2 protein chains.
Amino acid sequence: MAEPSIPSVWAREAAAKPAGLSRERIVAAALELLDAEGLAALSMRSLGKRLDAGATSMYRHVANKDELVELVVDEVYGEVAVPEPDGRDGWRGGVAAAARSLRAMALRHKWVTGVLGQVGLAYLGPNLALVSQRMLDVFAAGGFEPLEADQAMSAVTAYVVGTATSEAAWLDLVDRSGKSEAELVAGLRETQDHLNETAAAEVYDDPAVYREDAFAFGLDLILDGLQVRLDRRP
Amino acid sequence: MAEPSIPSVWAREAAAKPAGLSRERIVAAALELLDAEGLAALSMRSLGKRLDAGATSMYRHVANKDELVELVVDEVYGEVAVPEPDGRDGWRGGVAAAARSLRAMALRHKWVTGVLGQVGLAYLGPNLALVSQRMLDVFAAGGFEPLEADQAMSAVTAYVVGTATSEAAWLDLVDRSGKSEAELVAGLRETQDHLNETAAAEVYDDPAVYREDAFAFGLDLILDGLQVRLDRRP
DNA sequence: CGAGGATAGCGCACACCGTGCGCACCGGGC
DNA sequence: GCCCGGTGCGCACGGTGTGCGCTATCCTCG
């Protein structure tokens, strides 16, 4: 108010609203929108609204909606942490940590798995490539041959992504239903007569804990399988 | 041609164009369309055209487009073959066969993985439920406890679906590009400097064989891991 | 300082989407 | 013969991604 007019105007322009669009700002806004409202709620129009921009203004900075989404996917891949090769937990600890980090990312951004199924990422971004490379390094440091390392990495990521996909879909269903996870399980068990599979899960108080244990179980299977392969060496 | 006229007319009505819409006919047409042109090409309008029907005529038989898609998904799950428990290949052979069958189905219908990522199948259809149940039976017959069997099945299907998702996306990209798989790999290796992961794959003449070997590798990891668990028993 | 060209943003328009609604028709029971 | 439940359809509405051409702004060069 009573500030000297010139700097205050400048400051307000710069701080409150970055004014100009830019690739970064667009990607950041899209990420916010996706996290807050899900994949279906991301449209160029809604994104424009969030940026105080017109519906087609983003096309100066981004070729497609598809390209935009790929950029956001790569952005969140930047959150995945892969330990250094030769870390003190060995290859097994390193791979497990990376897998958990990937899973955590996918559950933090429940829409990613939906995108992975939909769009065959045309050009994998730098962050995704980095994660792959670093996982390969961990396997290599563990003594796996390049071909083995490649296939092992594919197996681990396929498992993690597969798990996360089904979990994300389930969680999405849960909070679209409005009920709690436990209630919904109970309800399903009534309507579907054969579901003795999840019957096994009822010993768990907390469904989230069950899901986490199930994930760890499957991950251990793969890691044990890799260990077997290592032990069979000359 | 020279048939008695009355039965021939009747036959033509019944065989050539079933005339009336029905859930089955709609689902069958949707499946054809999906297999032929992919998920993006399925719209109520295009489906109506294929059925010589109006765009909204299907809504008498199907609640939603989402429900329709779920029906089609369950339909193709009917193609998945799970061996009898106690088959002569043991639990390991049975699970492997089921996994291969599931993978083959997903690659025959490249759009399914896209759907699995998108829609949290609200009510799993009978065929899907049957496949799950039969896989559980195979594990049970192999001596796994119910909880273990449940988690093992989840792990295997997560791995298979995860693999199929990334393969389907890749294959989709391939034939959208118009080039051959080998050409596209070569092209990508030039633009992306770090891809020494797939570098390992170049020893293979046939990319399809590589993909199959990679799948078998990961599946064996899981099965070995399960064997370890079994051997560790009292 | 003034002019000119690049570029960002926007509004409009187009073709397409899922789907609610009410009308027309048609086959079977009283 | 009449009625009536259900089937199919056309229309319309609000939404989508995005191509196109206008305007306004800002940077550069004379």
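The surface near DNA strand C is made up of five nonpolar, eight polar and three charged residues. The model described here is a predicted one. In this model, 16 residues surround DNA strand C. The closest of them come from both protein chains: Leu21(A), Ala53(A), Gly54(A) and Ser57(A) from chain A, together with Ser43(B) from chain B. Looking at the elements involved, helix H3 (residues 44-50) of chain B provides the largest share of this surface, with three residues.

Sorted by class, the surface near DNA strand D holds five nonpolar, eight polar and three charged residues.

How are the two protein chains related to each other?

The contact between the chains draws 43 residues from chain A and 43 residues from chain B. On the side of chain A that touches chain B, four helices each supply at least two residues: H6 (112-118), H7 (126-141), H8 (146-177) and H11 (207-231). Of the elements on this side, H8(A) contributes the largest share, 17 residues. In terms of residue class, the side of chain A that touches chain B comprises 21 nonpolar, 17 polar and five charged residues. Because 100% of the interface residues of chain A are also interface residues in chain B, the copies meet through the same surface.

Within chain A, one helix pair deserves a description of its own. Helix H2 (residues 23-37) of chain A packs against helix H4 (residues 65-77) of chain A at an angle of about 80°, and their axes are 9 Å apart. This angle makes H2(A) roughly perpendicular to H4(A). From H2(A), the contact involves Ile26(A), Val27(A), Ala30(A), Leu31(A) and Leu34(A), while H4(A) brings Leu68(A), Leu71(A), Val72(A) and Glu75(A). Eight residues of this contact are nonpolar, none is polar and one is charged.

Technical notes. Residues are numbered from 1 along each chain as its sequence is written. Chains are lettered from A and ligands numbered from 1 in the order in which they are written. This is a predicted model: local features need pLDDT of at least 70, side-chain atom pairs count only at pLDDT 80 or more; totals for chains, interfaces and linings use all residues. Two residues are in contact if their C-beta atoms, placed from the backbone, lie within 7 Å. A residue is near a molecule or strand if its C-beta atom, placed from the backbone, lies within 6 Å of it. Ala, Val, Leu, Ile, Met, Phe, Trp, Tyr, Cys and Pro count as nonpolar, Asp, Glu, Lys and Arg as charged, and the others, Gly among them, as polar. Axes are lines fitted to C-alpha atoms, for helices over the stretch in contact, and angles run from 0 to 180 degrees between N-to-C directions. Angles under 35 degrees count as roughly parallel, over 145 as roughly antiparallel, 65 to 115 as roughly perpendicular and the rest as oblique.
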